[in-house]
Amino acid sequence: MFTNILIYFVVIPLVMLGLLALCRDVKQIRAVAVVGSLGLIGLSVYVLLEYLGIRAAGNEDPMLFVDSWSWFAPLNIHLAVGVDGISIAMLLLSSIIVFAGSFASWTIAQPKEFFLWLILLSTGVFGFFISIDLFTMFMFYEVALIPMYLLIGVWGSGNKNYSAMKLTLMLMGGSAFLMLGLIGIYYHSAPEGAPLTWNLLEIVDNAAISHGWQSFLFPMTFVGFGVLGAMFPFHTWSPDGHASAPTAVSMLHAGVLMKLGGYGCFRVAIYTMPQAAHELSWIFLILTGISVVYGAFCACVKTDLKYINAYSSVSHCGLVLFAILMLNETAMTGAIMQMLSHGLMTALFFALIGMIYGRTHTREITQMGGMMQILPYLSVCYVIAGMASLGLPGLSGFVAEMTIFVGSFKAGMADYLAGDGSLRLVFTIIACCSIVITAVYILRVVGKLLFGPVYDNHHRSLTDATWWERLSTATLIVCVACIGCFPNFFNNLINFTFKPAIFSVLGIN
Amino acid sequence: MSATIPVLILAIPLFMFIFLGLAGKKMSHLLAGILGTLGMGTVLVLAYYTAFHYFFSGDPAFISEAGERLQYIVFNQTWLQFTDRLVISLGFFLDPISAMMLVVITTISFMVHLYSLGYMRDHHGVFEKGFQRFYAFLSLFSFSMLGLVVATNIFQMYIFWELVGASSYLLIGFYYTKNSAVSASKKAFIVTRFADLGFLIGILVLSFYTGTFDFTSLTSVPVEGMANVYHVDLSTPNAVLGVFQSSAAPMFMGASVLTWALVLIFMGGMGKSAMMPLHIWLPDAMEGPTPVSALIHAATMVVAGVYLVARLFPLYLMEETSLVIVTVVGAITAFYAAMVACAQIDIKRVLAFSTISQIAFMMVSLGVARPEFHEGLGYMASMFHLFTHAMFKALLFLGAGALIHAIGSNDYTAMHGLRKYMPVTHWTFLIGCLAIAGIIPFSGFFSKDEILSACGNYSPLVYVWMSMVAGLTAFYMFRLYYLIFWWKEHKIPEGHHAPHDQAWTMSLPLIILALISCVAGFIPFGKFVSWNGEPYDFMAHFDWGVASISLLVAVLAIILATVMYRKENSLPEKFKNALPALWDWCHHRFYWDELYMFITHKIIFNGICRPLAWFDRHIIDGTMDSFAILTNKASELIRPLQSGQVQMYVWIYIIGALLLGGVTVLCLI
Amino acid sequence: MESVGSIILYTIVCLAIVIFSVLAVTTRKILRAATYLLFTLFAAAVVYFMLDYQFLGAVQIAVYAGGIVVLFVFAILLTSHPGSNSERLASKRRVLGLIASILMLGVCGYSLLSRCNLFAGKPEMEALDMQTVGTAMMGTGAGQYLLPFEAVSVLLLACIIGGIVVARKR
Amino acid sequence: MEIKAIYYLIPSLIMFCCGLYGFLTRRNMIAMLISLELMLNAVDMNFVIFNRFLFPEQLEGMMFTLFAIAIAAAETAVAIAIIINVYRSVNQVDVRTLNQMKF
């Protein structure tokens, strides 16, 4: 079992949990968190390199490092692992954000308990991304969700009980749909007479889910994951949840957890049920298309920094699901890039907001101003994050959005020319409009918060970032710039998934 | 040609940006400034070398045996691969206009770098706060602009297009503690962003039909009769051929998709080049430091729109409609901006509107260019005007900067009579004014004259219209000139120094640019730049009739300005009172800003965003909350059933049991 | 055919059961109720004897009558003021209870009576010696009850502890 | 005359119904417990009766009763401990007034 490299993505956090339980003081806790998350980064990079090596050698399997161990034989439940480029990208993203998040919560109260829950959450996240067994996947999904309640409820701020409850309940509601969908998939996973399976690859190979069942199970699964992906109208947990969550939790939640939604939508809903995806995508296309502009418009008038970013996340994550539904190679690649990009830059945003809030004790942009003069480092970082968010070339947002737009425009035009209606085309153009609205709200915040005269003279005595804050933000900025400057590397990494014959049924070239 | 020098042209400014941005705070102000200037100087030399090499080396890669200038891709590196054919590459594209733009950009940029060494410090020689940042941003801008002009494909252009937008944003908002600067920068970014939306969609449409982003494929026209011009091998399936085949079928709202694509791309150009109705950001952008206005908002970035249309000119030629739109937008903007410029008080605003007007000239010139009229004279004229305008407008802005630096105000009302105190500035400014007014032998005369001849070839209406605008140009420029340098000077308060010419770092660029403005008209531009690469004799198309008429118009306008503004008199007041509405509208720029304010704040913010946010909080969130409330209420409702009273449970149990038992008994009976 | 003695005994026991049951739930003095309960339990013990389960009858007397009722008496003495009556019941409540009980009686009685011919007389049974009972309780085979026995012993232990904990003075 | 099973079952049923009546009407916790014991006892008797009349060679019913008695004893002990405890804290054993721990 321990010969498979992937299993260590779960083992390392578990070991960290054990060590954290033994820690006596805050220094040891920090050491465990930092060393552990560095270990995870190292592991992801190692897996990435191995993966590239194997691919370079000509291996064309849909997943690599595949392994499976039974843990509940009567229901065929396995701990099945395997990764492709998309999972590796997600693993890399998660480990970086866990690393940055550890630094962002350097001085949190009750560090031991906090990190215990945080690392438990990460265990779920990593487990989710390496699993290819639907049941195990779902289990890790839940492991990732539940700690959120305590993390927000205990370490949060503001109306935290309400937010924590709302977030947990809405996500659990999504899980209910999801579970129904997954069980449905299980019972139709194999042709008549063959043993049923939870294994994604086998399900895809069998392609045994009948058409009628697909059109029932696809919405279930998609909505289930879509709730976590903040799909309109199931997004309202996100503003409240993010606003109340402590910094590192916001980072992890917006940066990684919301990606679980997008990843799941792709990996489970579309991967296993392509026909239904083809036929029913229009419903969700409308919803996600609305999310994109709706979130952006709402962000334009909010005055609380975290709310603004939460709505911005709704918009950006909407774009992820939107692109996935285009069922087009380029757009889907763009969706995954957008997940990476949004994960990093939102984490950066929330880290910065947490740091500013920790100093000024307010998140109202009307109560602040001229931060550039007082906190130059944080302000510059904020501007960079903003620029990434509004899609400045050279930072990650641009490449992701452009890939999505090129892909979805192609899908839309193809539909239009084939006489299949202009829905995709219209929504693509609407989604394109979001780049303008994004610019509006980002520049509004940047102008009010960072520029202009100092609003509150008490703020003049604030000190700029400490070394751990600098490290946390610098890591994220470097990653954002890396994706922005060398997109083709990530493009090729992700793109490979869309090559296999699995996707021929979607009409993807 | 090896790729080393082109790479360096792009890499040095980028490196300077990163270096000054990260390490600038650690070094002294002066060192940062000198490093930036030296870096730019190096780029200047390299760019001149490249352009010289391209035009004069006679290399068969650059010029065919028949003497046609060829497009040459120095290098092209894949940056992002969407599909097999849709690839964004980063490369270096050499053709006549990009080589010319390299020269323009590096020249102006170097002048501005040098000039800023003097400008960005106060009278005691103390450098302004953020001096290093200023040089870092200037380097970023130079990098982006250079990247834009050497783009090998339309997406590379879009990338750098966005980057120049961002660096323009950063530079306009350089004085970020001033609210007006912040909102001006925001406005500039958002307006151009909106235009870029059109650009983006245009690119998407174009690339969908042609399956390529590359300029070489896009601008090669494989049609009989034109093929010999473009040396395109008709046997290979070509991207644009696809456009022809498919655009014949797909129409969209009465126009072919190609027209739509071109108009949308032009919309991007309208935003960057401040064409009406997307011009409103440019006057406000004058909040930035004056050297920035000279570099970005007069000479280089704002002509990006013209450059874009010129770059895609063969495509525009295919669709008559799109060129007509370019012409009409240009003509209206030119007139509008000239009118408004006559009624502005802030000297930088006057220059800004004059910039808009001059760029509109270039647009019109492109719009009227047809191969059948003097082998596309308009195209060459447009590029020529771009070149000369960059020089004299930078000169005017830098001169205005010197004035502002000396006086400390942007209003001409605070200036008057400065010719005695600031002779260098005065003479260079005068040269700039003469150039822009189109007086022989300054550069503006030649370029503007060719634009007017091209217009004349196309349509008499356009010709008359543009001549009128040219007259207005001469009028408002000399109005400005007289108001600044003539009239009675203000009394100098006790203890203040009289205004005086600035340090050599500021004067030298003025003198150099003035010299260029004097002689640039004699460059045989047609030898270098023409729409299809074929050199032709410049003077062969020179129409002395048109030239003399335009000269006459300019002189008349100058005389009128002299009469009205040479000395303080009541004529302007009378004129103003005679047509109060006209003055009012011109002074308020035809209330465009108010209209935009209304649309953005009243309609978009208050009409869409706020209701949506309310809807989100109360309807969507309210629904979700009401699920929770409903659950709570329902549980309140059934909670009494679980009273904890065992007897109650037994009662219910008994009733149930009795019912069941009763049923059983009945069955037994 | 039963002997006359046993029929007489049966009649007495039946009457005792019925009368004392009714009294136990109708008397207003709680101590008396406990006493009537005791009598009822005794009568039940007699029934067990009559059915030849002597051991069970003995247990009934020892545990129920001897143990539980004593507990009751102690509890009553500890929690009520001697001589005080329990409050009068609201007549509506009483009527409702009565109706429910009688309905129950009717339903169950009807179903019993309609099937009473199933049960003929008492079949012969050899005397139950203690060894049989003991083996049944301690064995693990079919019809042997070691597991419930152990479970009950654990339960009793838990009850002892629980009782102590609950009733302990703070 | 033969004493049939039904002759034993009827008194047992009456005992049960009495217990039921008591349980439904009484307010005193001890009285309720007494009624409960009556019902339990009635059930025990039924076990024994059915065992004796239907399967005399087996011991299931008897064993059940035996265990039921043991459990009843245990349950009563705990119940009474609780009652006494409640009485100590609120000086009451009336179920209607004992509603502070509700919800």
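Axes, in what follows, are lines fitted to C-alpha atoms, for helices over the stretch in contact, and angles run from 0 to 180 degrees between N-to-C directions. Helices (H or I, at least four residues) and strands (E, at least two) are DSSP runs, numbered from the N terminus.

Colleagues, the model before us is predicted: local features need pLDDT of at least 70, side-chain atom pairs count only at pLDDT 80 or more, and totals for chains, interfaces and linings use all residues. Residues are numbered from 1 along each chain as its sequence is written, while chains are lettered from A and ligands numbered from 1 in the order in which they are written.

I begin with chain A. Helix α2 (residues 26–56) and helix α4 (residues 111–130) of chain A pack at about 20 degrees, their axes 10 Å apart. The two helices α2(A) and α4(A) are therefore roughly parallel to each other, a term for angles under 35 degrees, as against roughly antiparallel over 145, roughly perpendicular from 65 to 115, and oblique for the rest. On the side of α2(A), the contact is made by A:V26, A:I29 and A:A33, and on that of α4(A) by A:P111, A:K112 and A:F115. Residues are in contact if their C-beta atoms, placed from the backbone, lie within 7 Å. Of the residues in this contact of α2(A) with α4(A), five are nonpolar, none polar and one charged. Here Ala, Val, Leu, Ile, Met, Phe, Trp, Tyr, Cys and Pro count as nonpolar, Asp, Glu, Lys and Arg as charged, and the others, Gly among them, as polar.

Next, chain B. Strands β1 (residues 72–81) and β2 (residues 87–94) of chain B run antiparallel and are joined by eight bridges; two strands pair if DSSP finds at least two bridges between them. A hairpin of five residues connects β1(B) to β2(B), and B:N76 stands opposite B:G91 in β2(B).

Which chains meet? Between chain D and chain B, five residues of chain D contact six of chain B. Between chain C and chain D, 68 residues of chain C contact 60 of chain D. To the side of chain C that touches chain D, α3(C) gives the most, with 13 residues. That side of chain C has 51 nonpolar, 13 polar and four charged residues.

Finally, confidence. Chain C averages a pLDDT of 84, and 89% of its residues score at least 70; pLDDT is the predictor's confidence in each residue, from 0 to 100. Within chain C, confidence is highest in helix α2 (residues 30–50), at 91, and lowest in helix α5 (residues 130–138), at a mean of 84.

Conventions. Two residues are in contact if their C-beta atoms, placed from the backbone, lie within 7 Å.
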